[in-house]
Amino acid sequence: MRALILCGLLFPALALAQMAPAEVFTDKGDTFTRAGTKAGLAVGSVVTIFGDKIGDTDQRRRVGSASVMEVWETLARIKLD
């Protein structure tokens with residue numbers, strides 16, 4: 001699965017404005033994102049998953065959400081909801 005992830009923390013609009021898109025990938029059956037504490041993620045955070053751009057626009061379709069299970073400086077393990 002290759003998608004983009006955007007953060008939806010306590011203040012979703014502020015978090016979306018401050019967090020750059022990050023890749024979501026799987027490794028050995030677990031799902032990770034290339035964002036971590038440096039991007040403001042913490043265990044228990046809920047993030048929103050967006051797909052590719054819609055046509056010629058800058059908009060992206062929301063494809064789901066995920067919970068942060070473990071977090072490191074630049075990487076987090078997530079569980080897709």
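The chain has one helix and six strands, where helices (H or I, at least four residues) and strands (E, at least two) are DSSP runs numbered from the N terminus. Along the sequence these elements follow the pattern β-α-β-β-β-β-β. The model is a predicted one, in which local features need pLDDT of at least 70, side-chain atom pairs count only at pLDDT 80 or more, and totals for chains, interfaces and linings use all residues. Residues are numbered from 1 along each chain as its sequence is written, and side-chain values use heavy atoms, with hydrogens and water left out.

**Overall burial and surface**

Of the 81 residues of the chain, 36% count as buried; buried means under 20% relative accessible area, exposed over 50%, and partly exposed in between (1.4 Å probe, protein chains only). The chain exposes about 5200 Å², of which carbon and sulfur atoms supply 53%. These areas come from the Shrake-Rupley method with a 1.4 Å probe; for residues, only the protein chains shown count as cover. Among the contacts with a separation of 6 or more, 43% are between residues 24 or more positions apart, a contact being heavy atoms within 4.5 Å.

**Strand pairing**

Strands are taken to pair if DSSP finds at least two bridges between them. Strands E4 and E5 pair in the antiparallel sense over six bridges. They form a hairpin with six residues between them, and Gly55 in the turn has a positive phi of about 55 degrees. Within this pairing, Val47 stands opposite Ala66 in E5.

Strand E5 is also joined to E6, antiparallel, by five bridges. This second hairpin has four residues between its strands. Ala66 has Leu80 as its bridge partner in E6, and Val71 stands opposite Ala76 in E6.

**The nonpolar core**

The largest nonpolar core comprises 10 residues: Ala22, Val24, Ala35, Leu41, Val47, Ile49, Ala66, Val68, Ala76 and Ile78. Such a core is a set of buried Ala, Val, Leu, Ile, Met, Phe, Trp, Tyr and Cys residues joined through side-chain atoms within 4.5 Å. Two or more of the core residues come from each of strands E2 (22–27), E4 (46–53), E5 (60–71) and E6 (76–80). In soluble globular proteins, nonpolar side chains tend to be buried together.

**Salt bridges**

The count comes to four salt bridges, a salt bridge being a side-chain nitrogen of Lys or Arg within 4 Å of a carboxyl oxygen of Asp or Glu. Side chains of opposite charge can pair when their charged atoms come close.

| Lys38 | Glu73 | 3.3 Å |

Glu73 forms a salt bridge with Lys38. Because Glu73 lies in the loop between E5 and E6 and Lys38 in the loop between E3 and E4, the pair ties together parts that are 35 residues apart in sequence. Glu73 is partly exposed at 48% relative accessibility, whereas Lys38 is exposed, with a relative accessible area of 64%.

**A buried serine**

Ser45 lies in the loop between E3 and E4 and is buried, with a relative accessible area of 10%. A polar atom of the Ser45 side chain lies 2.8 Å from the backbone oxygen of Ala42. A polar contact is a pair of N or O atoms within 3.5 Å; within protein, one must be able to donate a hydrogen and the other to accept it, and residues adjacent in sequence count only if both atoms are side-chain atoms.
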